[in-house]
Amino acid sequence: MNGTRIREQEDVVAGTVGDDVMTVHELLQVGETLRPKCGAGKSKDQAVQWLRVVNCPACLAGEE
Ligand SMILES: [Zn+2]
């Protein structure tokens, strides 16, 4: 039975990218760096991990 799908919150890395500290993205480990799931920011923008809830609409929309 696979009717229930439980999201494993501990696996979610959230954080901000570049100068925008208001939008918290879901971050994915890409190589040695963290990148926002929605692709926000420029490639040179540093992603900073926060212990905050993801609030980026684009990242949240990517949830299945
Ligand atoms: Zn995002």
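Colleague: Which residue of strand 2 stands opposite Ala14?

Modeller: In this predicted model, the residue of strand 2 that stands opposite Ala14 is Glu26.

Colleague: How do you know that strand 1 and strand 2 pair?

Modeller: Pairing asks for at least two bridges between the strands, and strand 1 and strand 2 have four, in the antiparallel sense, so they count as paired. They also form a hairpin with two residues between them, and Gly18 in the turn has a positive phi of about 60°.

Colleague: What makes strand 1 and strand 4 a pair?

Modeller: Four bridges join strand 1 and strand 4, again antiparallel, and because the cut-off is at least two, they pair; within strand 4, Gln49 is the bridge partner of Gly15.

Colleague: Why are strand 3 and strand 4 said to stand at the edges?

Modeller: The open sheet has four strands in the order 3-2-1-4. Strand 3 (33-36) and strand 4 (47-50) each have a single partner strand, so one side of each is left without a neighbour in the sheet. Strand 3 is joined to strand 2 by four bridges, running antiparallel, and Leu27 stands opposite Pro36 in strand 3.

Colleague: Why is strand 1 called mostly covered?

Modeller: A residue is buried if 20 or more other C-beta atoms lie within 10 Å of its own, and four of the five residues of strand 1 are buried.

Colleague: What is the confidence in strand 1 and in strand 3?

Modeller: The mean pLDDT is highest in strand 1 (residues 13-17), at 96, and lowest in strand 3, at 93, while the mean for the protein is 86.

Technical notes. Residues numbered from 1 in each chain as written. Predicted model: local features only at pLDDT ≥ 70, side-chain atom pairs only at ≥ 80, totals over all residues. pLDDT = per-residue confidence, 0-100. Buried ≥ 20, exposed ≤ 12 C-beta atoms within 10 Å, placed from the backbone.
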